[in-house]
Number of protein chains: 2
Amino acid sequence: MPISRDSRTNNMAKMKGRVLITGIAGFGGSYLAELMLEKGYRVFGLLAPGEKYDNINHIKNDLALDRFDITRAEKVSAYTKKVKPKYLFHLAAMASVGQSFSKERLTYDINFTGSLNVFEASTSQISRIRRLIVISSADCFGVFSPKNKLLKEDQPLAPISPYGISKAAMEYLAGYYHRQYRLPVVIARSFNHTGPRQSDTFVVPSFCKQIATIEKGRRKPIITVGNLDVKRDLSDVRDIVRGYYNMAVRGKPGEVYHLSSGKSVAIKTVLDRLLGMSPATIKVTRDKSRFRKADIPILCGDNSRAEKELGWVPKYKLSETLKDTLDFWRNTVRQ
Amino acid sequence: MPISRDSRTNNMAKMKGRVLITGIAGFGGSYLAELMLEKGYRVFGLLAPGEKYDNINHIKNDLALDRFDITRAEKVSAYTKKVKPKYLFHLAAMASVGQSFSKERLTYDINFTGSLNVFEASTSQISRIRRLIVISSADCFGVFSPKNKLLKEDQPLAPISPYGISKAAMEYLAGYYHRQYRLPVVIARSFNHTGPRQSDTFVVPSFCKQIATIEKGRRKPIITVGNLDVKRDLSDVRDIVRGYYNMAVRGKPGEVYHLSSGKSVAIKTVLDRLLGMSPATIKVTRDKSRFRKADIPILCGDNSRAEKELGWVPKYKLSETLKDTLDFWRNTVRQ
């Protein structure tokens with residue numbers, strides 16, 4: 001359903017070129033779409049069957065959208081051939097580590113087979129595609145030691161969740177397509193990131209939604225949490241998608257880049273900061289069912305390669321990210 | 001098509017228990033079937049649709065065989081439930097590194113999805129299954145440095161072929177099913193192995209078949225070879241399947257064992273030894289089309305864990321293996 005835009009915008013987009021974002025209505029996808037429109041690109045995007053437009057409703061008229069199942073190779077191939085993107089950002093994924101434990105097969109189908117389809121389709125358009133950016137994850141590392149070190153890009157992969165397994169296998173595919181076919185693929189190994197619009201199945205939005213609901217008086221002043229002891233390297237989604245853009249423009253084909261804050265924060269600290277932003281007095285209770293069977297105790301990524309080679313440095317402070325996310329939920333939760 | 005056996009054998013098999021071998025008509029599968037019959041087990045086996053019986057023709061009447069596509073989860077599940085194996089040896093695979101470059105999707109479907117199906121099916125029978133043995137490969141390592149070191153089990157995986165990628169991902173699955181569901185899975189990381197019956201798409205049988213054909217006067221005395229410079233850790237298939245058996249009986253759930261000779265031999269040396277066993281005078285020509293785009297220069301596996309924990313030591317000398325393989329092809333190639 002491509003939608004026409006005014007001629008000035010169209011001319012600029014013609015000059016800058018066409019980009020394709022799979023998973024465009026997802027959390028990261030929606031921010032990347034905004035950024036690429038701002039930069040003047042013509043933005044094409046793929047949604048999953050049944051996926052909602054909520055995250056991209058405000059920019060929907062500026063996007064050319066399609067919708068099909070990414071696990072269908074022939075569809076991905078035909079679509080890529082039709083769009084002819086200069087940059088292809090492959091963000092479509094089953095993105096929740098937690099949910100991947102109960103949705104194993106779906107995770108492998110979408111994250112591995114879906115990516116294989118994108119690699120094949122891109123290879124058939126190899127002369128046109130300047131960069132293919134694929135999104136991997138710090139979850140590929142699994143549990144490692146020593147536990148508190150800063151993870152560099154060459155840290156061996158040892159995934160322990162279905163999500164991590166699917167992303168590690170996708171990274172191997174990326175390396176293979178680069179070596180075998182010279183596909184200009186660049187791997188973004190994103191560490192945890194959050195912000196407005198992230199699903200409340202993730203930890204920060206889960207806290208924010210509960211706090212906002214309590215503030216509206218629609219819930220008892222008790223917040224239910226999972227494992228607060230784990231430490232995560234937490235970035236703002238708006239910084240992360242800027243990293244994807246930098247990788248498209250300056251990333252070295254075949255390379256992996258860590259997009260991370262370079263710092264590690266305990267989930268307990270995140271919760272305390274959010275509670276400190278609320279006028280409500282809120283009790284905290286731990287819910288064991290929210291604990292994962294296998295959890296990585298600490299994650300902290302060295303982002304010096306991204307800084308050096310991509311000129312990428314995170315701009316958002318954690319406090320801003322948390323404040324914006326809490327405000328988003330304050331606006332979202334009904335009175 | 002289960003086939004009845006005489007009552008003495010049946011009673012012994014009843015005592016020892018039932019084993020299931022996927023890929024039973026494959027190269028390793030056929031030797032493992034022989035070994036398990038010798039040990040007194042009732043042997044059930046799965047073949048792929050269209051797969052030939054050649055390797056198991058001589059023992060076919062002693063086996064209970066079935067045939068279906070291992071990528072079909074519901075079939076694998078029903079079959080495992082029916083057979084109720086004490087030991088499940090999962091050997092079904094697209095087993096050629098070389099062919100995996102042109103059969104990527106088939107490789108991932110059979111080696112990854114097929115294994116996922118076996119893990120799921122075994123987990124649903126977890127109280128009955130004493131061990132699930134899955135077959136991985138030294139090809140998971142890819143290219144590593146320093147190039148001449150002895151590879152231990154904890155060497156990071158960095159596969160470069162579709163075959164290696166599929167097996168590395170399968171290893172991650174195995175680890176996951178062990179941690180998550182306590183599935184008693186043991187990983188055999190087999191290094192290269194050869195012997196009679198191996199397909200001539202592999203290097204040693206390819207040499208042997210050509211030499212045997214030359215000896216019969218059915219081919220000019222010129223042997224065509226690929227890259228002779230790579231070094232491989234080459235075992236006898238009969239030692240390797242004994243390793244699988246030892247892993248079933250003594251292997252530690254969740255553990256990986258290297259089954260290897262512990263030595264590395266140049267493919268050129270293998271060829272020279274085979275040529276030395278032939279009375280024919282044979283010229284060697286290199287065929288660049290037989291070179292792989294990505295080849296691992298050297299492989300050598302440390303087998304000390306298997307020796308220590310499984311009491312496994314290779315018995316066959318390389319010269320015996322090569323002689324037996326050459327003799328097999330001398331008997332196979334028609335006059």
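## Strand pairing around β2(A)

In this predicted model, five bridges join strand β1 (residues 18-22) of chain A to β2(A), and the two run parallel. Strands are DSSP runs of E with at least two residues, helices are runs of H or I with at least four, and both are numbered from the N terminus; two strands pair if DSSP finds at least two bridges between them. Within this pairing, Ile21(A) stands opposite Gly45(A). From β1(A) the chain passes through helix α2 (residues 27-38) to β2(A), a right-handed β-α-β crossover (clockwise from the first strand over the helix to the second, with the strands pointing away from the viewer).

β2(A) also pairs in the parallel sense with strand β3 (residues 63-67) of chain A, over five bridges. Here Leu46(A) stands opposite Asp66(A).

## Burial of β2(A)

Strand β2 spans residues 42-47 of chain A, and six of its six residues are buried (20 or more other C-beta atoms within 10 Å of the residue's own, with C-beta atoms placed from the backbone). Arg42(A), Phe44(A) and Leu46(A) point one way, while Val43(A), Gly45(A) and Leu47(A) point the other. In a regular strand, side chains alternate between the two faces of the sheet.

## Contact between chains A and B

Each chain gives 16 residues to the contact (C-beta atoms, placed from the backbone, within 7 Å). On the side of chain A, α5 (104-124) and α6 (162-181) each supply at least two residues, and α6(A) gives the largest share, nine residues.

## Conventions

Residues are numbered from 1 along each chain as its sequence is written, and chains are lettered from A and ligands numbered from 1 in the order in which they are written. Local features need pLDDT of at least 70 and side-chain atom pairs count only at pLDDT 80 or more, whereas totals for chains, interfaces and linings use all residues.

Notes. Buried ≥ 20, exposed ≤ 12 C-beta atoms within 10 Å, placed from the backbone. Contact = placed C-beta atoms within 7 Å.
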